[in-house]
Amino acid sequence: MEFKTLNNGVKMPMLGYGVYQTPPEETESCVSQALEVGYRLIDTAQAYDNEEGVGAAMRKSDVPREEVFITSKIWVSNMNYERAAASIDETLRKLGTDYVDLMLLHQMMGDYTGAYRAMEDACKAGKIRAIGVSNCYPERLLDLCMLAEIPPAVNQIETHPFLQENVAHANMEELGVVHEAWAPFAEGRNNLFAHPVLSEIGAKHGKTAGQVALRALLQEGIVVIPKTVHRVRMEENFAVFDFALNADDMAAFRALDDLSFKRIFDHHDLPTIKWMLGDLVKKQQLGGAALY
Ligand SMILES: NC(=O)c1ccc[n+]([C@@H]2O[C@H](COP(=O)([O-])OP(=O)(O)OC[C@H]3O[C@@H](n4cnc5c(N)ncnc54)[C@H](OP(=O)(O)O)[C@@H]3O)[C@@H](O)[C@H]2O)c1
């Protein structure tokens with residue numbers, strides 16, 4: 001395993017296991033298998049409704065708690081100081097642990113600066129080892145880095161071969177923020193798992209297109225958290241540290257970046273944001289309460 005050292009000295013594995021869209025009733029079994037395969041970073045979120053399954057798998061595993069890096073994320077309906085603070089305690093209860101390694105603001109919506117202060121306080125109280133953000137665009141990240149008491153350690157954004165996010169990456173490098181890729185496989189879009197360029201590179205190394213995508217992102221210094229519910233794929237996605245892409249391979253990978261790619265989740269698309277603030281926040285039972 002390779003690691004990134006965060007801006008507060010905490011070490012974060014560069015390859016993790018994501019559980020977005022993993023059904024709550026399957027999560028314990030999936031995470032148990034991922035731990036057996038060797039994953040030591042598990043990426044969950046309040047909105048995934050499966051923190052309990054992650055916690056159950058951790059408790060049943062032989063792997064010591066301190067060897068597993070757990071990430072969770074504060075959902076939009078908890079985006080102010082009081083709600084975020086209470087939700088951190090709820091996350092700890094659901095995970096059955098007294099600290100999480102990394103807590104992120106899931107979306108930069110609502111009173112996210114209040115929620116960020118709640119994460120800072122939880123960090124000082126030892127409930128969180130490192131704090132960060134997700135879906136945070138460069139100008140917001142710069143603002144947080146310059147004005148927050150504890151600057152964010154990580155920014156988790158959609159990143160894959162067709163959306164390499166070079167500008168955001170350079171900004172993060174300059175600010176000392178680790179770039180973490182969500183949907184490193186683009187959730188299979190653009191035929192990623194059989195993509196001719198990725199497959200051709202893979203054939204030279206005896207690897208699959210998916211493994212090439214992960215390896216290339218890792219070589220760019222990006223943390224990856226692929227999701228799968230299948231053990232054989234967990235093993236495949238984990239086997240990316242026994243080969244290296246050369247300069248020609250990386251040039252071919254970089255040429256796949258496509259500025260016209262339609263993001264899986266576009267934060268500048270008003271219907272998408274309306275859906276999230278309306279439907280999803282309601283579902284999470286914000287009720288009539290205001291966040292501001
Ligand atoms: N911060 C955010 O807003 C945000 C948003 C989205 C995701 N995330 C995080 O990032 C993680 C990864 O992103 P993601 O789950 O959206 O997408 P992803 O990892 O890019 O792709 C997952 C898809 O690829 C399939 N797959 C995985 N390995 C495969 C393989 N070796 N061969 C063929 N198919 C394979 C999976 O199917 P099977 O499961 O059927 O194998 C699933 O359909 C999430 O689980 C979550 O932790 C964060």
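This is a predicted model: local features need pLDDT of at least 70, side-chain atom pairs count only at pLDDT 80 or more; totals for chains, interfaces and linings use all residues.
Eight strands form an open sheet, in the order S3-S4-S5-S6-S7-S8-S9-S10, and their pairing is parallel. Ile42 has Ile70 of S5 as its bridge partner. In general, the strands of a sheet pair through hydrogen bonds of the backbone, in either a parallel or an antiparallel sense.

Helix H1 (residues 24-37) packs with helix H2 (residues 51-60) at an angle of about 40°, and the axes of the two are 7 Å apart. This angle makes H1 oblique to H2. The crossing of H1 and H2 is right-handed. On the H1 side, the contact comprises Pro24, Thr27, Glu28, Val31, Ser32 and Leu35, which meet Gly53, Val54, Ala56, Ala57 and Lys60 of H2. By class, six residues of the contact of H1 with H2 are nonpolar, three are polar and two are charged.

For helix H5 (residues 138-147) and helix H6 (residues 166-175), the axes come within 10 Å and cross at roughly 10°. H5 is therefore roughly parallel to H6. Pro138, Leu141, Leu142 and Cys145 of H5 make this contact with Val167, Ala168, Asn171 and Leu175 of H6. Seven residues of the contact of H5 with H6 are nonpolar and one is polar, with no charged residue.

Helix H7 (residues 196-205) packs against helix H8 (residues 209-219) at an angle of about 90°, with the axes 8 Å apart. The result is that H7 lies roughly perpendicular to H8. Here Leu198, Ser199, Ile201 and Gly202 of H7 meet Ala209, Gln211, Val212 and Ala213 of H8. The contact of H7 with H8 has five nonpolar and three polar residues, and no charged residue.

The ligand is surrounded by 26 residues. The closest of them are Gly18, Tyr20, Trp182, Phe185 and Lys227. Helix H9 (residues 231-238) gives the most to the shell around the ligand, contributing three residues. Divided by class, this shell has 11 nonpolar, 10 polar and five charged residues.

Notes: Residues are numbered from 1 along each chain as its sequence is written. Axes are lines fitted to C-alpha atoms, for helices over the stretch in contact, and angles run from 0 to 180 degrees between N-to-C directions. Helices (H or I, at least four residues) and strands (E, at least two) are DSSP runs, numbered from the N terminus. Angles under 35 degrees count as roughly parallel, over 145 as roughly antiparallel, 65 to 115 as roughly perpendicular and the rest as oblique. A crossing is left-handed if the near helix is turned anticlockwise from the far one by less than a right angle, and right-handed if clockwise. Two residues are in contact if their C-beta atoms, placed from the backbone, lie within 7 Å. Ala, Val, Leu, Ile, Met, Phe, Trp, Tyr, Cys and Pro count as nonpolar, Asp, Glu, Lys and Arg as charged, and the others, Gly among them, as polar. A residue is near a molecule or strand if its C-beta atom, placed from the backbone, lies within 6 Å of it. Two strands pair if DSSP finds at least two bridges between them.
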